Amino acid sequence: MRLLHTSDWHLGRSFHGEGLIAAQAAHVDHLVETVVEQRVDAVLVSGDVYDRALPSVDAVALADEAFHRLAATGARVVVTSGNHDSARRLGFNSRLVDLAGVHLRTSLDRVGEPVLLEDEHGPVAVHGLPYLDPDVARVAWALPTRSHAAALGHALGRVRADLATRSPGTRSVVLAHAFVTGGEPSDSERDIAVGGVSSVAAELFSDLDYVALGHLHGRATLTDSVRYSGSPIAYSFSEARHRKGSWLVELGASGVEACEFVDAPVARSLAQLSGTIEQLLLDPALAAHEGSWVQATLTDARRPVRAMERLRARFPHALALRFAPEGGEQPVLRTPVAGRSAHAVALDFVDHVRGEAASGEESALLREAFECCGDDRDLVREAGAS
């Protein structure tokens with residue numbers, strides 16, 4: 001049996017203000033092509049289908065199209081809710097769409113109820129576990145403690161209880177949306193720590209044939225049978241070196257026989273560049289990144305004027321700008337306020353941050369801004385009082 005393991009689509013998400021729906025639609029095209037070309041029997045989507053609990057209309061339409069097209073290939077599709085999804089909304093009409101071969105597992109009530117598949121070696125029980133919020137699970141299942149380990153441990157107890165009723169040789173596949181020890185977090189996952197603890201041990205899954213994990217955005221192999229697929233698209237610059245895609249898993253008579261990573265299409269590469277503004281603008285070696293989304297860290301001793309504007313002349317898709325002056329951070333500005341105008345204090349600040357006095361045009365613009373805000377003398381009195 002061939003399984004395609006994917007997760008963390010985050011449909012509707014943007015990247016530093018740039019819409020990603022077209023790139024996400026291209027990934028759906030890629031998934032459908034992979035299912036057909038590789039003769040995939042089941043697609044496993046391990047949570048975070050959407051980026052937020054109330055997804056945009058475009059995101060809902062794309063999810064609808066994705067599930068319809070995947071089901072039309074003849075493959076079974078098992079989908080769980082992640083910590084970004086609204087479990088109720090994603091799971092709407094789940095029993096009805098079960099009949100179409102798309103199995104939405106978002107409710108605690110259905111934990112322990114598998115999707116049953118069959119191949120020449122016998123049955124495969126696929127257990128989709130939704131994201132298990134420890135507070136919700138503790139109340140629903142009367143758990144003695146409030147933790148991710150307690151919630152996931154109880155859910156896996158239900159899975160094992162079901163497997164104990166199955167015929168010998170039944171293989172087990174579990175989808176789980178969790179932070180499992182051994183995976184590497186990035187900047188784009190939402191923190192799920194409870195009581196200061198966000199992760200659970202991989203040993204919880206030790207007796208299962210394959211575990212398709214979601215939540216962390218970097219692919220990872222924790223054991224031969226416990227893996228993260230990662231997100232199909234980079235959602236933060238911390239993922240610039242990630243390899244994005246999905247796992248194609250070959251399940252044999254006694255478990256995983258082979259696992260191959262299928263690369264996802266890259267709509268636009270990410271680049272993290274560092275140096276003085278002149279180095280970034282003139283270095284010929286950086287020509288390869290002129291079409292990338294760029295995060296630039298400027299090391300100039302003085303903050304360059306119109307830095308982003310100048311960078312975008314070469315890197316039109318520059319999205320993020322940081323400053324890390326050589327020699328370390330500048331000392332904290334301590335300038336007298338009492339008896340001085342807000343305009344004068346602001347000019348001191350510009351000089352301090354940039355290492356260069358404001359131009360006459362900039363000074364006039366600042367003065368106009370203060371005048372629009374109110375009496376400059378009132379601002380000085382407020383600043384002095386604070």
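Visitor: How many cavities of 30 Å³ or more are there?

Guide: This is a predicted model in which local features need pLDDT of at least 70, side-chain atom pairs count only at pLDDT 80 or more, and totals for chains, interfaces and linings use all residues. Residues are numbered from 1 along each chain as its sequence is written, and side-chain values use heavy atoms, with hydrogens and water left out. A cavity is a set of points, on a 1 Å grid over the protein atoms alone, where a 1.4 Å probe fits but cannot get out. With a cut-off of 30 Å³ or more, the count is two.

Visitor: Which element gives the most residues to the lining of the largest cavity?

Guide: Lining residues have an atom within 4 Å of a point, and for the largest cavity they include His148, Ala151, Leu152, Ala176 and His177. Two or more residues come from each of helix H6 (148-163) and strand E9 (171-177), where helices (H or I, at least four residues) and strands (E, at least two) are DSSP runs, numbered from the N terminus. The most, three residues, come from H6.

Visitor: Why is E9 largely enclosed by the rest of the structure?

Guide: One side of E9 carries Arg171, Val173, Leu175 and His177, and the other Ser172, Val174 and Ala176, all buried; buried means under 20% relative accessible area with a 1.4 Å probe, protein chains only. E9 is largely enclosed because the buried residues number seven of the seven.

How values were computed:
1 Å grid on protein atoms, 1.4 Å probe; cavity = no way out; pocket = protein on both sides within 12 Å on 5 of 7 lines; lining within 4 Å. Points joined across faces, edges and corners; volume = space filled by probe spheres on them. Buried < 20%, exposed > 50% of the residue type's maximum accessible area, 1.4 Å probe, protein only.
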